[in-house]
Amino acid sequence: MKAPRAKVRSRKHGAAIPLDDTDKRVMNLLQSSFPLAEEPYAALAAEAEIELDELLVRTRRLLDERIIREITPIFDTRALGYQSMLVAAKVDPANPQRAAKIINSHPGVSHNYLRTHEFNLWFTIATPPDSELGLEGTLALLQNLTGAESIRQLPTLRLFKINMNLEMEKGTEALAATDSGTVPRELSAQPYDELDVAVIRALQGPMEVGTRPYDAAAAAVGISTGRLLEHLEGMVERKLLRRVAAILYHRRAGFSANGMGVWRVGDARIAEVGTRMAAVRGISHCYQRPTYRDWPYSVFTMAHGRSKQECDAILDSIADEHELHGRDRATLYSSTEFKKIRLHYFTPDYAEWERAHG
């Protein structure tokens, strides 16, 4: 497969930034290997084969230049008892910004994109366990507030992969290749206690870049850093915490395109095909979702590339492998990013929104 040349889009605060080989290696490590250790940057510096001071300087620069969005723990929304789903809305194509602004006001909306389809506004939303409206009530209210012609609920029926980890060092062939198999995570709520909630509140959000980044959260909770790290290891085992990782600004990191590849896969093949699609390196998310009369696609994959051509190459390789062409596939590209944040948990924002709008 011939690797396409990267296409850089000219957008305010969105153009790709030149990165050297060490930057790319550091970004790969920060995305995939940030350790639960008292001095995590020392371990990362040794793995990157650079001095600790250089790693800290590079990391701060990547944050300051808005290439890395933040370095943060990634908690599991459903394991914490939050209801969540992907939603496709059909809103006024002449003024989608109005509907997007209303939807974005909800604190549980983490992603909101304008996509190339008659269902033109795609967003993910979560509501907490103590929500008075619940997810169904919140969506009904949002449809009323936005005047959306239709809202299509697309909950996760089966999770094959979720791993937003952009490959910085290798090219298209690596992105279209398969890596080691992924193990689907539990989607149901898991038990947690007051200490878990205190740890989440203290640690969530951007972490400071320094030699001991976990110390502040440990002090806020009132435990030692070693005890905090032991507790975080336990939260990983209990599936409350996925990992700690750098989250990138895709476009400024050079990934100017993302394509939602959707596939019409028969029920008998979904488990096998979904598992194999999830193993493709350039696929960050892979789910089974419900179908409708006007929406026959049962498997969703998110591809990220340095150009539309690179996304197409990743998705075309999947289509070829599974013989899914023509009406059996579609690709929806995002044209506008209205919102992209990390969710914060156990905050008063949700109840305040419901009081203001419910």
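**Close-up 1. Strand β4 and its partners.** In β4, V109 has I125 as its bridge partner. Helices (H or I, at least four residues) and strands (E, at least two) are DSSP runs, numbered from the N terminus. Strand β3 (residues 109-115) pairs with β4 in the antiparallel sense over 5 bridges; strands pair if DSSP finds at least two bridges between them. A hairpin is formed by β3 and β4, with 5 residues between them. Strand β2 (residues 83-90) also pairs with β4, antiparallel, over 7 bridges. Here A88 stands opposite W122 of β4. Strand β4 (residues 121-127) has 6 of its 7 residues buried, so the rest of the structure largely encloses it. Buried means under 20% relative accessible area, exposed over 50%, partly exposed in between (1.4 Å probe, protein chains only).

The model is predicted: local features need pLDDT of at least 70, side-chain atom pairs count only at pLDDT 80 or more, and totals for chains, interfaces and linings use all residues. Residues are numbered from 1 along each chain as its sequence is written, and side-chain values use heavy atoms, leaving out hydrogens and water.

**Close-up 2. The F34 and Y214 rings.** The whole structure holds 10 aromatic pairs. Rings of Phe, Tyr and Trp (its six-membered ring) pair if their centres lie within 6.5 Å; planes under 30 degrees apart are stacked, over 60 edge-to-face, the rest tilted. F34 and Y214 have ring centres 6.4 Å apart and planes at 65°, so they are edge-to-face. F34 is buried at 7% relative accessible area. Y214 is buried too, at 0%.

**Close-up 3. An aromatic cluster.** F75, Y82, Y192, Y345, F346 and Y350 form one cluster.
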